[in-house]
Amino acid sequence: MDPQPFIRLSIGSLSLRIPGASSNGTKLGLQSFDSPAVCEIRLQGFPVQTALVPIAAPEVTPDLHNVASSFYLEESDIKTMLKPGCFYKAHPCLEISVFFAKKGSHCGVGANRQQIGTYKLIVSPEWCQSKSRVLSSGWVGIGKGRQDSEKSVAELHLRVKLDPDPRYVFQFEDKTSLSPQIVQIQKAMQQPIFSCKFSQERSSQLDPTCNYWSGDKSTIDAERRERKGWKVSIHDLSGSAVAAAFITTPFVPSSGCDWVAKSNPGAWLIVRPDACMTESWQPWGKLEAWRERGISDTVCCRFHLLSEEQDGGSNFLMSEININAEKGGEFFIDTDKHIRPATNTPIPSPQSSGDFAGLSPVGGGFVMSCKIQGEGKRSKPLVQLAQRHVTCVEDAAIFMALAAAVDLSISACKPFRRKMRFCKRQKE
């Protein structure tokens, strides 16, 4: 399998200090604000990211390995930014604006804040080079008074780094419930790599992603009360099952409502073949899903990595993502964007011996992403995997099973009283 080139732009080691001023910034003409400060990180063509900026004590050295924000770029993204007239700016740049937030404001968002200063780093063609580069590291002056040596200057500590982050890209050729083939995308080429088999316990074989149902009335009524028995197995080109996902906790309406609520989520178990026992499976991860009601309904998917290090096992939260139920969205695992447990337990390779060294805080970052469509749409999940987490084909398969479970969870979390119509059975 050949990966596609991606670039990781990481911004970290953030800290703020105001020489000669108290922590509330009074000598800079700022009002009394709660610490830490917050910053908005902008890169043209990408959503704005926010991060906390702690106030630095004189004796403390900021952690160079701490990552506050990351952007993932393809070579085409950089070339687009560098086109003349793109985004109506002569020089595209990475922009970091730092604010103090007043007491009671939410993470410095809105008008209830005061800007301290801004740091800018111009995007250059050298960003396309496939090698690690530190673009900026250390203390930099920000704020309106930075050119006047007689005035106190706010200083921002940061470390901006580029790293090659190649990925494997896969796509389901149809919606998961139709047992599609899975291909690897390599530029303009598509190569079959897995097949996906969806099944249910019930003999009627209901299609959970369709608004049309087949089967007798008693089966339909039962299916409207609970959704269980769904299973997805991933097979290699020889036909051998190399990963699977199946519902362990049924998706049922919670008390007083007609949808799967957070108080009683449905759950999938993601499994891999047991290397020591044939025809046996080892648990690898658990995916929980439920529906959040609002102006736009969302399906929340929460993934835990399972471990057998302790008696009875333990689990580590790796991702919790809200996906728009109607429009779809992206589920991802990224250790830069989620708070990791204090143990820093990484994601083990499905074929590994149990050595968890592969995802240390230094080597963290993007692990996988899965883009899916909303309810009633032909989803065809698109999956990206970081090359460093895939040592063999079986490693990729376990993430395909996870992606399939995420895709099917959109259907499993549909409101139960939604009007459904029967499918016309084809004549034999």
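Predicted model: local features only at pLDDT ≥ 70, side-chain atom pairs only at ≥ 80, totals over all residues.
Residues are numbered from 1 along each chain as its sequence is written.

**Helix 3 and the cores**

Helices (H or I, at least four residues) and strands (E, at least two) are DSSP runs, numbered from the N terminus. Helix 3 covers residues 393–412. The expected span of a helix is 1.5 Å times one less than its number of residues. Buried means under 20% relative accessible area, exposed over 50%, and partly exposed in between (1.4 Å probe, protein chains only). Helix 3 is largely enclosed by the rest of the structure, because 18 of its 20 residues are buried.

A nonpolar core is a set of buried Ala, Val, Leu, Ile, Met, Phe, Trp, Tyr and Cys residues joined through side-chain atoms within 4.5 Å. The largest one has 59 residues, and I234 and F331 touch the most other members. Helix 3 supplies the largest share of this core, 14 residues. Apart from it lies another core, of 33 residues, including A51, I78, L121 and A154.

Contact means heavy atoms within 4.5 Å. Not counting residues up to four places away in sequence, the residues that F331 touches include L287, F303, M368, L402 and V406.

**Rings**

Rings of Phe, Tyr and Trp (its six-membered ring) pair if their centres lie within 6.5 Å; planes under 30 degrees apart count as stacked, over 60 as edge-to-face and the rest as tilted. There are six aromatic pairs by this rule. Two of the pairs are set out below.

| Pair | Centre to centre | Angle between planes | Class |
|---|---|---|---|
| F170 and F194 | 6.3 Å | 40° | tilted |
| W284 and F399 | 5.3 Å | 85° | edge-to-face |

F170 lies in strand 9 (residues 167–172) and F194 in strand 11 (residues 189–199), so this pair ties together parts that are 24 residues apart in sequence. Both F170 and F194 are buried. The other pair links W284 in strand 16 (residues 281–292) with F399 in helix 3, 115 residues apart. W284 and F399 are buried. Ring pairs also link W284, F303 and F399 into a cluster.

A charge sits over a ring if NZ of Lys or CZ of Arg is within 6 Å of the ring centre and within 35 degrees of the ring normal. The charged end of R167 sits over the ring of Y72, 4.7 Å from its centre. R293 lies over the face of W259, at 4.5 Å from the ring centre.

**Cysteines**

A disulfide is a pair of cysteine sulfur atoms within 2.5 Å, and the count here is zero. For C300, the nearest cysteine sulfur is that of C301, 6.8 Å away. C300 is buried, with a relative accessible area of 3%.

**Loop residues**

The loop between strand 9 and strand 10 (181–186) holds K175, which counts as buried at 13% relative accessibility. The C-alpha atoms of K175 and I372 are separated by 9.6 Å, though the residues are 197 apart along the chain. S179 lies in the loop between strand 9 and strand 10. Phi of S179 is near 50°, a positive value in a residue other than glycine.

Notes:
Heavy atoms only, no water.
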